[in-house]
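Here is a tutorial dialogue for a student who is learning to read a structure.

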Amino acid sequence: TTAYRIAVLAGDGIGPEITEVTLNVLRAIAPRFNLDFEFVPALIGGCAIDAVGEPLPAATLESCRQSDAVLLAAIGGTKWDTLPRPLRPETGLLKLRAGLGLFANLRPAKILPQLINASSLKPEVVAGVDLMVVRELTGGIYFGQPRGIFTTESGEARGVNTMAYTATEVDRIGQVAFETARKRQRKLCSVDKANVLEVSQLWRDRLTALSAEYPDVELTHLYVDNAAMQLVRSPKQFDTIVTGNLFGDILSDIAAMLTGSIGMLPSASLGASGPGVFEPVHGSAPDIAGQDKANPLAMVLSAAMMLRYGLNQPAAATAIEQATLAVLEQGYRTSDLMTEGCILVGCQAMGEQLIAQLTL
Ligand code: NAD
Ligand code: IPM
Ligand code: MN
């Protein structure tokens, strides 16, 4: 038996609902693969603000550092949107990513044949899409200095953020992207705004220089506006996409919608060493929180990514992914994916169907 300590950060909104399903799925597969999970809950986001007055308590970061991996659901909600920035739930998440050095965020968007009709795009456009967004996660405009709301000499308020990347930051995400592409279809598309931004010029130059070390990978470049358009025009042209923090945030929500729902997209956030964070791409969905309507599959598939990328248990990861496919094949859908002829289920019932599959 292999024992793992998993920090569990359920967070806000639909977070606790999808976390419960995900932990039950992990408990269900544990015996079959001789795994022994110790789930250690910790506070992050709005619930942490309410309980202890800050969005990332030191105890949470410490508990994550002591763990083999971190499973995170989602944070945020209108209740905390008017707090000063250091006290906002989102700041807690950003501090967690920075604190653990998680510069590489992998966001795979794969169209499952069962969900082709759930996409808002035509079936022939999305059929066969299988792409990976590699998003830089601890730099760029999210972290650049100076930042703030300042007062100009004329007494006017002026909001400032700074998009900045060092060559070192670009190179290390570039390496992850090339390595990722190498294990896929060996096509890497770098997305930037080099026609306008110096930071993107450096990004493009470094990626181009790096490509000499990966002659087996085909590197192309797109401007971000065109990339957004191409993602909905003909998404099948993409294999691996690498981009900065803000562009990656936006493009991965677009990629999510190709799969039918943002409730399907998992992610893995990895650093050079130490535990990774595994979390859905979506947020806390306050509009459906507490109604048993949330799609738990993005978090369940994030747990599969945890097994594959964080714990080196690929067989257990595959078992979860196959159970997900089987449940969709049987027609079970949460409301975000519902199409004619399918069986509408809530978050909990979706979890029960998954468990039934895994314990057949
Ligand atoms: P959101 O992703 O929470 O929701 C967008 C839309 O998608 C909503 O209509 C929601 O109901 C739906 N949706 C999202 N996840 C779903 C799921 N699993 N099943 C079914 N439907 C789902 O984005 P938002 O509304 O812009 O943000 C809400 C809060 O979440 C904000 O506070 C935001 O900062 C935060 N947020 C957190 C994360 C994170 O924790 N990683 C990510 C994005 C947004
Ligand atoms: C995401 C979210 C976060 C981000 C927010 C909540 C800080 O949108 O994980 O995609 O922008 O990275
Ligand atoms: Mn986002």
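**Reading burial, contacts and shells**

Q: How does one decide whether D225 is buried or exposed?

A: A residue is called buried if 20 or more other C-beta atoms lie within 10 Å of its own, exposed if 12 or fewer, and partly exposed in between, with the C-beta atoms placed from the backbone. D225 counts as exposed because 12 C-beta neighbours lie inside 10 Å. Please keep in mind that this is a predicted model, in which local features need pLDDT of at least 70 and side-chain atom pairs count only at pLDDT 80 or more, while totals for chains, interfaces and linings use all residues. Residues are numbered from 1 along each chain as its sequence is written, and chains are lettered from A and ligands numbered from 1 in the order in which they are written.

Q: In which helix does D225 lie, and which residues of helix 8 are buried?

A: Helices (H or I, at least four residues) and strands (E, at least two) are DSSP runs, numbered from the N terminus. D225 belongs to helix 8, which covers residues 224-233, and the buried residues of that helix are V224, A227 and L231. They lie on the same side of helix 8, because they cover an arc of only 50° around the axis, the arc being that of the directions from the helix axis to the C-beta atoms. The face turned away from this buried side carries the exposed residues D225, N226 and R233.

Q: What do the buried residues of helix 8 pack against?

A: Packing is read from contacts, and two residues are in contact if their C-beta atoms, placed from the backbone, lie within 7 Å. The buried residues of helix 8 pack against strand 8 (187-192), strand 9 (218-223) and helix 9. D249 is found in helix 9, at residues 245-258, and D249 is partly exposed because 19 other C-beta atoms lie within 10 Å.

Q: Where does UniProt place the feature "binding site"?

A: UniProt positions are given in the numbering used here, feature names are shortened, and annotations may be inferred rather than shown by experiment. In an unreviewed entry, UniProt places one "binding site" feature at D225, D249 and D253. Although these residues are spread over 29 residues of sequence, they cluster in space, with a largest C-alpha distance of 14.4 Å. The unreviewed UniProt entry also has a "binding site" annotation that covers R97, R107, R135 and D225. These span 129 residues in sequence and their farthest two C-alpha atoms are 26.7 Å apart, so they do not all gather at one spot.

Q: Are R107 and R135 buried or exposed?

A: R107, whose place is in strand 4, is buried because 25 other C-beta atoms lie within 10 Å. R135, placed in strand 5 (residues 130-136), also counts as buried, because 28 C-beta neighbours lie inside 10 Å.

Q: Which residues lie around ligand 2?

A: A residue is near a molecule or strand if its C-beta atom, placed from the backbone, lies within 6 Å of it. Around ligand 2 these residues are G76, E90, L93, L94, D249, V281 and G283, and helix 4 (residues 89-99) gives the most to this shell, with three residues.

Q: How do strand 6 and strand 7 pair?

A: Two strands pair if DSSP finds at least two bridges between them. Strand 6 (residues 144-151) and strand 7 pair in the antiparallel sense over five bridges, and G148 stands opposite V160 in strand 7. Of the six residues of strand 7 (residues 157-162), the number buried is zero, so strand 7 lies largely in the open.
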